[in-house]
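Please read this briefing alongside the sequence and the coordinates.

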Amino acid sequence: ETKRRDARRAAEAALEALDVAALQAAIPTGEAAGVQEEILRKCSEALEQWERQSLHKALAWAAVDAALRQPSVEALTSAVAAGAEAGIAEAVLQPARVAL
């Protein structure tokens, strides 16, 4: 019972902090300790969302980089829009904005 309680608390803390490493550890630990599936599902969903956001940012960053290497109004405009939507820092987007 103590293992389950500790694993549940660790999973809840990882969710609260959105700590990727802690979420990754909480799932197998929680499964082994018998933590409620609902909590573990939330951990999995949080990880999946983080992965999607990370991929979205990486693709947007690559688009900005490519647009700066071979600039065209269309590529730069699209890359700036994608970067802004993905939440890329303004400092990264600024050279593309200037090139427009």
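Helices and strands here are DSSP runs, with helices being H or I over at least four residues and strands being E over at least two, numbered from the N terminus. On that basis the protein chain has 5 helices and 0 strands, in the order α-α-α-α-α along the sequence. This is a predicted model, in which local features need pLDDT of at least 70 and side-chain atom pairs count only at pLDDT 80 or more, while totals for chains, interfaces and linings use all residues. Residues are numbered from 1 along each chain as its sequence is written, and side-chain values use heavy atoms, with hydrogens and water left out.

**Overall dimensions**

- The radius of gyration, taken over C-alpha atoms, is 20 Å for the protein chain, whereas a compact globule of 100 residues would have one near 13 Å; the globule rule is 2.2 Å times the number of residues to the power 0.38.
- Along the principal axes, the C-alpha atoms of the protein chain fill a box of roughly 60 × 15 × 15 Å.
- Buried residues (under 20% relative accessible area, with exposed meaning over 50% and partly exposed in between, for a 1.4 Å probe and protein chains only) make up 26% of the 100 residues.
- Where contact means heavy atoms within 4.5 Å, 50% of the contacts between residues at least 6 apart in sequence join residues at least 24 apart.

**Packing of α1 and α3**

- Helix α1 (residues 2-17) packs with helix α3 (residues 37-69) at an angle of about 30°, and their axes are 10 Å apart; the axes are lines fitted to C-alpha atoms, for helices over the stretch in contact, and angles run from 0 to 180 degrees between N-to-C directions.
- The residues R8, A11, E12 and L15 of α1 meet I39, K42, C43 and A46 of α3.
- By class, this contact of α1 with α3 has 5 nonpolar, no polar and 3 charged residues, where Ala, Val, Leu, Ile, Met, Phe, Trp, Tyr, Cys and Pro count as nonpolar, Asp, Glu, Lys and Arg as charged, and the others, Gly among them, as polar.
- R8, found in helix α1, touches V35 and I39 when residues up to four places away in sequence are not counted.
- R8 counts as partly exposed because its relative accessibility is 29%, and its C-alpha atom is separated by 9.9 Å from that of E31, 23 residues apart along the chain.

**Nonpolar cores**

- A nonpolar core is a set of buried Ala, Val, Leu, Ile, Met, Phe, Trp, Tyr and Cys residues joined through side-chain atoms within 4.5 Å; the largest one has 14 residues, and those with the most contacts inside it are A11, L23, V35, C43 and L47.
- The elements giving two or more residues to this core are α1, α2 (20-33) and α3.
- Apart from this core lies another, of 10 residues, among them A67, A86, L93 and A96.
- L23 touches A14, L15, L18, C43, A46 and L47, not counting residues up to four places away in sequence.

**Single residues**

- L18 has a phi near 50°, a positive value in a residue other than glycine, and its place is in the loop between α1 and α2.
- Most residues other than glycine have a negative phi.
- L18 is exposed because its relative accessible area is 59%.
- Q24 lies in helix α2 and counts as partly exposed because its relative accessibility is 45%.
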